[in-house]
Amino acid sequence: MKLHPVQTLPSLVSRCIGHLSRQRYDVIVVGGGHAGTEAAAAAARMGAETLLVTQKIHTIGALSCNPSLGGVGKGQLVREVDALDGLCGRAGDWAGIHFSILNQRKGPAVWGPRAQLDRQRYREFIQGELLSIRRLTVLEGSVEDLLVTEPNPDEPGSHRVTGICLENVLHPISASSVVLTTGTFLSGSLFVGQTTSPGGRIGDAPSSAGLSRTLKERLGLRVGRLRTGTPPRILKESVDFALADLHLPDRHPTPFSFMNTHTRCKPEEQLPCHLTYTTPGVERVVQESLHLNCHIQQDTKGPRYCPSIESRVLRFPGRHHQVWLEPEGVTSELIYPQGLSMTMPPEVQLRLIREIPALRRAEIHAPGYGVQYDFVCPTQLSSALQVKSTQGLFLAGQINGTTGYEEAAAQGLWAGVNAARRARSMPPVSLSRTESYIGVLIDDLVSRGVTEPYRMFTSRAEFRTSLRPDNADLRLTPKGYDLGCVSSSRYQEAMRVQSSLQEAMTALQALTLSTNSCREKLPDIRVSETKSAVLTGMELLQYKELSFEMLASVFPDRLSPYLEFSQRLKIEAVYKPHCDINKKEIERIQKEENMFLPPDIDYFSLPVSLSHEAREILDRVRPTTK
């Protein structure tokens with residue numbers, strides 16, 4: 001891992017505020033969260049002159065909610081973003097303070113790389129990376145509206161976005177592509193108890209009302225409303241950790257990035273997490289304070305898989321719900337109580353958390369709060385994340401109805417790639433759900449839409465045995481390099497790995513042992529009597545008890561050159577039968593994905609056997625491929 005000094009915030013400010021060097025850019029990205037930073041960085045890597053506009057420069061790369069990255073399904077997205085030269089994986093390796101692989105009781109295909117993060121380190125890394133990217137300018141400002149003109153008659157669409165108007169700035173800024181990554185700020189409202197105020201995050205103003213109005217009224221987009229929330233931050237010194245269960249990190253941290261061999265945080269420097277549980281007293285406080293909580297009383301959809309403590313108690317009464325006590329940084333004095341998102345009045349929040357034994361003397365540094373915000377129904381987008389009815393407008397992140405840093409980063413990167421391609425008069429590109437979790441995410445959004453905040457799970461990927469965390473570089477880095485968003489150094493490293501793995505698998509396939517020789521040389525491996533008389537090295541590695549290191553110790557001359565890839569070779573061998581079975585189905589789906597449907601097809605007069613309901617859905621979604 002190449003550890004480099006992170007440039008400081010003052011240098012970012014001095015570079016980016018003041019007079020812009022130009023009034024026209026190839027790509028403008030609105031919003032400096034996970035989607036916005038990945039979109040801006042990807043567009044600039046593609047060669048586009050890019051402008052990133054954010055309300056506050058010092059919040060670029062901020063972890064607005066939980067101080068963590070990755071997890072089951074989410075970790076796969078982080079590794080894929082990294083394979084396409086994105087930022088968040090390397091930022092996680094720099095800022096991580098507690099690394100663990102989740103789901104290890106199951107197969108490697110569904111393992112979930114995860115890390116607790118130091119908030120300050122993560123923000124500093126993202127800001128420093130943005131500074132080092134050529135063709136990227138960052139501007140502090142508020143976008144008041146979009147520039148909307150007549151569409152190009154040679155392209156589908158009823159409108160064309162050609163730039164942005166900034167608040168208190170006379171002249172608009174033009175662009176070939178605009179990427180909106182407004183997060184929870186689009187008509188955002190904050191809720192604490194019975195108090196409501198405009199905003200998408202405590203301390204920040206919501207996006208301009210003009211922007212919301214343009215999306216709804218001028219562009220005619222269908223817009224819905226979602227909600228989310230965050231827990232109170234607790235002073236670490238007020239927590240009795242002796243009354244909670246200690247959870248240590250992995251002894252050997254696993255980096256997110258394929259370019260890193262180790263993390264910044266040394267194994268012995270990692271911080272622990274703690275687990276505790278709610279009590280009947282927590283449920284009692286929730287029930288007694290419902291009349292003081294206007295956020296929970298509304299029917300706006302919230303995240304099913306990260307619900308507020310009020311929602312959990314009301315939906316599953318009588319249970320002891322998990323509460324994770326997570327550190328917010330190496331030097332931070334705060335604890336993040338994962339699982340205690342709440343929107344009741346601050347004094348009631350204090351009563352509630354003190355019903356938990358480990359928190360009976362806890363002090364709140366900042367209360368929890370809820371957020372409600374507008375999102376654009378994502379079935380109105382193409383697989384390139386461009387609005388179908390509006391040329392040059394791309395959307396990514398929570399504005400598309402998703403939840404989570406990882407989902408936002410994945411969309412942002414792909415929207416940035418396509419925004420840059422449009423600016424260079426190149427056709428859009430898409431990722432198949434057969435080749436990546438990013439493809440699954442985007443396909444789910446644009447073809448099925450959302451009724452609640454969308455979260456990635458491994459169960460959403462039909463071919464998850466092929467779409468593993470360990471092989472994201474081989475699946476996506478070559479494609480990213482061909483598109484222009486991956487550096488030559490990353491591509492060369494991926495090619496080295498691919499070549500070495502292929503050589504190793506060829507050597508394993510050529511290595512053969514009779515069942516009698518197996519029992520003699522590998523006595524700990526229980527070879528079935530019904531097995532064929534001869535087994536290859538790849539077949540032997542499918543035995544759970546046998547590691548590549550063990551096999552290499554028996555055949556050092558043939559296998560020891562590949563010890564660097566021991567775990568990857570073991571995983572390749574285990575999943576080879578599954579991948580071989582899936583290959584034909586993947587080829588069939590990819591063939592259908594390449595069959596494009598006319599944008600003006602009349603589904604109601606189509607002479608095929610389809611129900612009226614199916615025709616209505618097809619007419620509303622208007623899929624671009626079979």
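Which strand holds the place of Val223? Select residues 223-230: this is strand S12, and Val223 belongs to it. Helices (H or I, at least four residues) and strands (E, at least two) are DSSP runs, numbered from the N terminus.

Before moving on, here is how to read the tour. This is a predicted model, in which local features need pLDDT of at least 70, side-chain atom pairs count only at pLDDT 80 or more, and totals for chains, interfaces and linings use all residues. Residues are numbered from 1 along each chain as its sequence is written, and side-chain values use heavy atoms, with hydrogens and water left out.

**Stop 1: around Val223**

Stay with Val223, which counts as partly exposed because its relative accessibility is 28%. The scale works like this: buried means under 20% relative accessible area, exposed over 50%, and partly exposed in between (1.4 Å probe, protein chains only). Val223 and Asp374 are 151 residues apart in sequence, yet their C-alpha atoms are 6.4 Å apart in space. Leaving out residues up to four places away in sequence, Val223 touches Lys216, Asp374, Phe375, Val376 and Cys377; a contact means heavy atoms within 4.5 Å.

**Stop 2: the domains**

Zoom out and colour the chain by domain. Domain 1 covers 24-230 + 373-489, domain 2 covers 233-248 + 263-369, domain 3 is 510-583 and domain 4 is 595-625. These bounds come from an automatic or database domain assignment. How far apart do the C-alpha centres of domain 2 and domain 4 lie? The distance is 47 Å.

**Stop 3: strand S10 and its partners**

Select residues 189-192, which form strand S10, together with residues 369-376, which form strand S19. Three bridges join S10 and S19, and the two run antiparallel. Leu190 has Val371 in S19 as its bridge partner. Two strands pair if DSSP finds at least two bridges between them.

S10 and S11 make a hairpin with two residues between the strands, where Gly193 takes a positive phi near 65°.

**Stop 4: helix H6**

Select residues 209-218 for helix H6, where Gly210, Leu211, Ser212, Thr214 and Leu215 are buried. What do the buried residues of H6 pack against? They pack against strand S7 (143-149), strand S9 (173-180), S19 and strand S21 (393-395). Just after H6, look for Gly220, with a positive phi of about 70°.

**Stop 5: Arg119**

Arg119 lies in helix H5 (residues 119-131). Is Arg119 buried or exposed? Arg119 is buried, because its relative accessible area is 14%. Show its side chain and you will find that it reaches the backbone oxygen of Cys65 at 2.5 Å. This is a polar contact: a pair of N or O atoms within 3.5 Å, where within protein one must be able to donate a hydrogen and the other to accept it, and residues adjacent in sequence count only if both atoms are side-chain atoms. Not counting residues up to four places away in sequence, the residues that Arg119 touches include Arg233, Glu328 and Tyr336.

**Stop 6: Ser289**

Move to the loop between helix H7 (280-288) and helix H8 (294-297), where Ser289 is found. Ser289 counts as buried because its relative accessibility is 4%. The side chain of Ser289 reaches the backbone oxygen of Val285 at 2.8 Å. Beyond its neighbours within four places in sequence, Ser289 is in contact with Met344 and Val348.

**Stop 7: charges over rings**

Show Arg264 and Trp94: Arg264 lies over the face of Trp94, at 4.3 Å from the ring centre. Then show Arg22 and Tyr25, where the charged end of Arg22 sits over the ring of Tyr25, 5.6 Å from its centre. A charge sits over a ring if NZ of Lys or CZ of Arg is within 6 Å of the ring centre and within 35 degrees of the ring normal.
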